[in-house]
Amino acid sequence: MNAPILKVDQLTKTYDGGFTALDAVSLDIMEGEILALLGPNGAGKTTLISAICGIVQPTSGAVSVGGYDTQTAYREARKLIGLVPQEINLEPFEKVINTVRFSRGLFGKPPDEAKIEAILRDLSLWDKKDNAIRELSGGMKRRVLIAKALSHEPRVLFLDEPSAGVDVELRRDMWEVVRRLQESGVTIILTTHYIEEAEAMADRVGVINKGRILLVEEKGDLLARMGQKELRIDLAAPLSAIPATLADRDLLLCDGGTRLIYHYDTRAERTGIVRLLSALQEAGVQVADVETKQSSLEEIFVGLVQEGADQ
């Protein structure tokens, strides 16, 4: 992993009414990575992005992008950032290509028709370049937002709920676009409600709730560290109750007595599965089938948010 391109240090945002939207958030984002920021509605995801991009003035704390402080060197820092907002805020009667050209000019970049064409082609928008925005589908408008954000060649791209309101097929197309952007060297911070999106795309996962970062961790490490595995034991004949000799095994009898569920920790030195199966045999319980199920990122996320809410 490369050095941090974006550093957030003790960033806090408290509104006049006393509501704290960001509570001393600290975060390092590495160059070239995809970070998925997960959190429920109102968790602070959009406020964090807005504070980094200069849309919201933080109460305290500091942010630097590519070594530029967003308060003391705002223009230099902002030139390195591309932002794709949740809302589709495009001029409906403007042509696609002019919309993207205008965004490039806003950041002081000289005209570059070859660059604009390359961006539009990469986003499958070239054949729509002369269409008015209002003639496009919702998914295509979302692509125009990405094209606008990329027009000034940023090194960091924020995607705030990029596939909200987009159907499954277009969502998967969007994932491919994001992967290509990463391959070209762009650092991507993605906020999403779709856990599968984070699981499919992210290098690291951050979880935010009530304005606080609960954790930031490599996706694979998070799944391994916090992932519980579940052993599902299908029985040849249903049981009316768990045998007394197995009462201390932390088993759950379900599906009309035809299945036993056993949870175990992947980090434990011994899982207890072999002893459990032997105990079942000794108790005269006949096993028809056995399968394991790994906790998903969604289950881990829900658990973390509930845990944070209880603190």
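**Entry 1: α5 and α6**

I started with the contact between α5 and α6, where G139, R142, R143, I146 and L150 of α5 meet L170, D173, M174 and L181 of α6. Contact here means heavy atoms within 4.5 Å. Helices (H or I, at least four residues) and strands (E, at least two) are DSSP runs, numbered from the N terminus. By class, I find five nonpolar, one polar and three charged residues in this contact. For the classes, Ala, Val, Leu, Ile, Met, Phe, Trp, Tyr, Cys and Pro count as nonpolar, Asp, Glu, Lys and Arg as charged, and the others, Gly among them, as polar.

I note for all entries that this is a predicted model, in which local features need pLDDT of at least 70 and side-chain atom pairs count only at pLDDT 80 or more, while totals for chains, interfaces and linings use all residues. Residues are numbered from 1 along each chain as its sequence is written, and side-chain values use heavy atoms, with hydrogens and water left out.

Next I looked up the geometry: the axes of α5 (residues 138-150) and α6 (residues 168-183) come within 11 Å and cross at roughly 15 degrees. That makes α5 roughly parallel to α6. Axes are lines fitted to C-alpha atoms, for helices over the stretch in contact, with angles from 0 to 180 degrees between N-to-C directions. Angles under 35 degrees count as roughly parallel, over 145 as roughly antiparallel, 65 to 115 as roughly perpendicular and the rest as oblique.

**Entry 2: α3 with α5**

I then turned to α3 and α5, whose axes come within 8 Å and cross at roughly 30 degrees. That makes α3 roughly parallel to α5. The α3–α5 crossing is right-handed. The contact is made by V96, T99, V100 and S103 of α3 with V144, A147 and K148 of α5. I sorted these residues into four nonpolar, two polar and one charged.

**Entry 3: α3 with α4**

For α3 (residues 96-106) and α4 (residues 113-122), I read axes that come within 11 Å and cross at roughly 120 degrees. That makes α3 oblique to α4. α3 passes α4 in a right-handed crossing. On the α3 side I listed V96, I97, V100, R101 and R104, which meet E113, K115, I116 and L120 of α4. This contact divides into five nonpolar, no polar and four charged residues.

How many of the nine residues of α1 (residues 45-53) are buried? I find eight of them buried, with the helix mostly covered. Buried means under 20% relative accessible area, exposed over 50%, and partly exposed in between (1.4 Å probe, protein chains only). Among the buried ones are L48, I49, I52 and C53. Just after α1, G54 takes a positive phi of about 85 degrees.

T70 lies in the loop between β5 (68-69) and α2 (74-79), and I find T70 buried at 8% relative accessible area. Leaving aside neighbours within four places in sequence, T70 is in contact with I52, V63, V65 and A77.

**Entry 4: cysteines and the whole chain**

I searched the whole structure for disulfides (cysteine sulfur pairs within 2.5 Å) and found zero. C53 is buried, at 1% relative accessible area, while C254 is partly exposed at 22%.

Finally, I noted ten helices and 14 strands in the chain. Of its 311 residues, 44% count as buried.

Conventions:
Left-handed = near helix turned anticlockwise from the far one by under 90°.
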